[in-house]
Amino acid sequence: MANKGGYAGPFPDWFIKRAFDMVAVVLAAPLLLPLGLSVAVLVRWKIGGPVLFRQQRPGLHGMFFEILKFRTMTDERDADGDLLPDAERLTRFGIWLRQSSLDELPEFINVLRGEMSLVGPRPLLIEYLALYTPEQARRHEVLPGLTGWAQVKGRNELSWEQKFQLDTWYVDNRSFWLDLRIILLTVVKVLKREGISHRDESTMPRFTGKPD
């Protein structure tokens with residue numbers, strides 16, 4: 001299924017949210033475009049092609065869309081042809097991209113398409129859909145976001161259960177002013193490079209549907 005875009009909630013709420021997303025991206029374009037092109041050149045040089053990482057993710061109401069990111073990992077494989085673990089494929093340059101959140105710049109394209117919002121629960125893997133409890137699945141009642149309540153409250157330092165609780169809290173309490181607060185807190189978090197990794201791991205461990 002492909003997500004055709006759209007915002008959940010009463011007309012005034014989703015219209016204001018969509019309008020804010022579009023205006024913010026357009027105003028930021030003079031900065032985003034040259035920055036994105038510079039990162040693309042560096043990714044091509046440091047890691048190789050393709051420059052963009054593309055993957056199907058569940059969005060609003062669980063409908064699929066293609067998320068765009070800059071690559072941070074190589075395609076190195078073992079003797080059997082299987083991809084090596086993330087920690088082994090994640091390059092030093094890729095780590096820097098993640099720490100600075102520059103790997104997520106292409107997601108502004110997803111925002112322009114209406115597949116994502118600036119603020120909302122982060123879009124996770126399709127395989128997790130079958131593992132959610134009914135309460136956890138409520139995170140798909142709104143568009144996924146570039147940043148969210150869970151990201152400014154700990155990001156990858158949180159357990160999966162804590163993340164999902166924060167996601168559903170956002171669903172129930174979302175507002176224009178909360179979105180502004182989250183965006184401002186995100187800027188602070190990015191500058192401080194907080195919550196990039198989960199405990200002693202280079203990336204967030206996979207969600208198994210069981211308590212951490």
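Student: Which residues are linked with Glu135 in a network of salt bridges?
Tutor: Keep in mind that this is a predicted model. Here a salt bridge needs a Lys or Arg side-chain nitrogen within 4 Å of an Asp or Glu carboxyl oxygen. The residues linked with Glu135 in the network are Arg138, Glu141 and Asp172.

Student: Asp167 and Arg139 meet in a salt bridge too, so how many residues apart in sequence are the parts this pair ties together?
Tutor: Their side chains meet at 2.8 Å, N to O. Asp167 sits in helix α6, while Arg139 is in the loop between β3 and β4, so the parts tied together are apart in sequence by 28 residues.

Student: Is Arg139 buried or exposed?
Tutor: Buried means under 20% relative accessible area. Arg139 has 4% relative accessibility, so it counts as buried.

Student: What about the largest nonpolar core: how many residues does it have?
Tutor: In soluble globular proteins, nonpolar side chains tend to be buried together. In this core, Val111, Met116, Trp149, Tyr170 and Ile182 touch the most other members. Elements giving two or more residues to it include α6 and α7. The core's residue count is 18.

Notes. Residues numbered from 1 in each chain as written. Predicted model: local features only at pLDDT ≥ 70, side-chain atom pairs only at ≥ 80, totals over all residues. Heavy atoms only, no water. Core = buried A, V, L, I, M, F, W, Y, C linked by side-chain atoms within 4.5 Å. Buried < 20%, exposed > 50% of the residue type's maximum accessible area, 1.4 Å probe, protein only. Helix = DSSP H or I, 4+ residues; strand = E, 2+ residues; numbered from the N terminus.
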